[in-house]
Amino acid sequence: MLSSCRKALYTLAKHSARSFQSSAMALSRFEYVKQFEQEEKLLPNCWVVVRIDGKGFHRFCNVHTFTKPNDLDALQLMNLAGMTVMQEFNEIAIGYGQSDEYSFVFRREASVYQRRRDKLVSYVASLFTSAYMFHWKRIFDARSVTMRYPPSFDARAVLYPTDENLRDYLSWRQADVHVNNLYNTTFWNLVASGLSNSDAEKRLQGTLASDKNEILFSQFGINYNNEPLIYRKGTILLPKSVCIAEKKQKLIVPIFDDLIGDAFWVKHPEILDKKAKSDDAFELGEDLSQPVVRYQLEVHTLRKAGMKKLETSMSTLQTDAS
């Protein structure tokens, strides 16, 4: 008994000595440099939007032979990176992606990193970039496209004080998708028909949306309204409860819908009010085949198999012990 007490006292003394040594080192004469660090905290009770944007992506797309005007695989890769960010931060209410950008909306009451701007922006940007590289082979192996050099994304954090401001921000980004995609679809079809890039630009100079629609339909037989929604509307990512094999599980779900009108917000009230959650499981439908959903289900299956293997091992050990 005495020996055990002495051993405990020795361990405590040793730990205290290490703690004192660490404290002494922390209080060195060099510690004054910490005074130069400045922390900017994001205002409370505001929506926080962290927007990721690709840097130099025009060149990146050309080097990696992305299809124009839209490369579905490249968009799906962006969605996988966006999914990874949303899995990391449970205070994100909605994610929205298009082209080489992604917006992540943190709730008003979010307390992540005590709302330190630099910490939040740098982590979201680095996680998105690493996830983009991590999922590259999953998407592009089938096309034998090797990453030639690492991509880079910048990020910024913007505050929106009201729900209306937030909706207008997301509407702005989705309207941007429509404008850019209609132009690019028309431009690259003109180029494919034999025009040079400069001639295609001149052809579209001063044209309205109706003019571009007419060019697509009359010259190429393309009804722009029939183009895939992921090109025309971008991708909305939402955390949803879904039913898989009669069991509910939480997934980050891709949705391709119009979010400018009221119907979307009525259908998904939990975005603006997290208390407005519904017990009804979200119907995946065709989204079940989306890479974002398939990846999450694969991970879930592997984890489940790992747990079963662990349970079997534990059961064997218990049988051997008895």
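1. A pocket, as the term is used in this note, is an open set of grid points with protein on both sides within 12 Å along at least five of seven lines. The structure under review is a predicted model, and its largest pocket has a volume of about 910 Å³. Pro 239, Lys 240, Ser 241, Lys 250 and Leu 251 lie nearest the centre of this pocket, among 34 lining residues.

2. Helices α3 (72-88) and α11 (291-321), together with strands β2 (92-98), β5 (235-244) and β6 (247-255), each contribute at least two residues to the lining. Helix α11 provides the largest share, 5 residues. Sorted by class, the lining of the largest pocket holds 15 nonpolar, 8 polar and 11 charged residues.

3. The second largest pocket has a volume of about 770 Å³. Its lining comprises 33 residues, and those nearest the centre are Cys 61, Pro 69, Ser 99, Asp 100 and Asn 184. Two or more lining residues come from each of α2 (57-63), α3, β2, β3 (101-106), α6 (163-192) and α9 (229-233). Here the largest share, 8 residues, belongs to α6. The division by class is 14 nonpolar, 13 polar and 6 charged.

4. As to the overall fold, the protein contains 11 helices and 6 strands. Of its 322 residues, 38% count as buried. Among contacts between residues at least 6 apart in sequence, 72% join residues at least 24 apart. The protein exposes about 19500 Å², and carbon and sulfur atoms account for 54% of that area.

5. Phe 60 and Phe 66 are both buried. These two residues also belong to a cluster linked by ring pairs, whose other members are Phe 57, Tyr 102, Phe 104, Phe 128, Tyr 132, Trp 136, Phe 140, Tyr 149 and Phe 153.

6. A further pair is formed by Phe 89 and Tyr 123, with ring centres 5.5 Å apart and planes at 70 degrees, so it too is edge-to-face. Phe 89 lies in the loop between α3 and β2, whereas Tyr 123 lies in helix α4 (residues 117-134), so the pair ties together parts that are 34 residues apart in sequence.

7. The backbone has a cis peptide bond, which joins Lys 68 and Pro 69, with omega about 5 degrees. Pro 69 is located in the loop between α2 and α3. As noted in point 3, Pro 69 is also among the residues nearest the centre of the second largest pocket.

8. Gln 114 has a phi of about 55 degrees, and phi of Arg 115 is near 60 degrees. Gln 114 is found in the loop between β3 and α4, and Arg 115 is likewise assigned to the loop between β3 and α4. Their accessibility separates them: Gln 114 is partly exposed, with a relative accessible area of 48%, whereas Arg 115, at 10% relative accessibility, counts as buried. The limit for the buried class is under 20%.

9. At 0% relative accessibility, Thr 186 counts as buried. With residues up to four places away in sequence set aside, Thr 186 touches Leu 204, Lys 212, Ile 215 and Leu 216. The C-alpha atoms of Thr 186 and Glu 214 are separated by 9.7 Å, the two residues being 28 apart along the chain. Helix α6 is also the element with the largest share of the lining of the second largest pocket.

Note on methods:
Residues numbered from 1 in each chain as written. Predicted model: local features only at pLDDT ≥ 70, side-chain atom pairs only at ≥ 80, totals over all residues. Heavy atoms only, no water. 1 Å grid on protein atoms, 1.4 Å probe; cavity = no way out; pocket = protein on both sides within 12 Å on 5 of 7 lines; lining within 4 Å. Points joined across faces, edges and corners; volume = space filled by probe spheres on them. Helix = DSSP H or I, 4+ residues; strand = E, 2+ residues; numbered from the N terminus. Nonpolar A, V, L, I, M, F, W, Y, C, P; charged D, E, K, R; others polar. Buried < 20%, exposed > 50% of the residue type's maximum accessible area, 1.4 Å probe, protein only. Contact = heavy atoms within 4.5 Å. Areas by Shrake-Rupley, 256 points an atom, 1.4 Å probe, with all protein chains shown as cover. Phe/Tyr/Trp six-rings, centres within 6.5 Å; stacked < 30°, edge-to-face > 60°.
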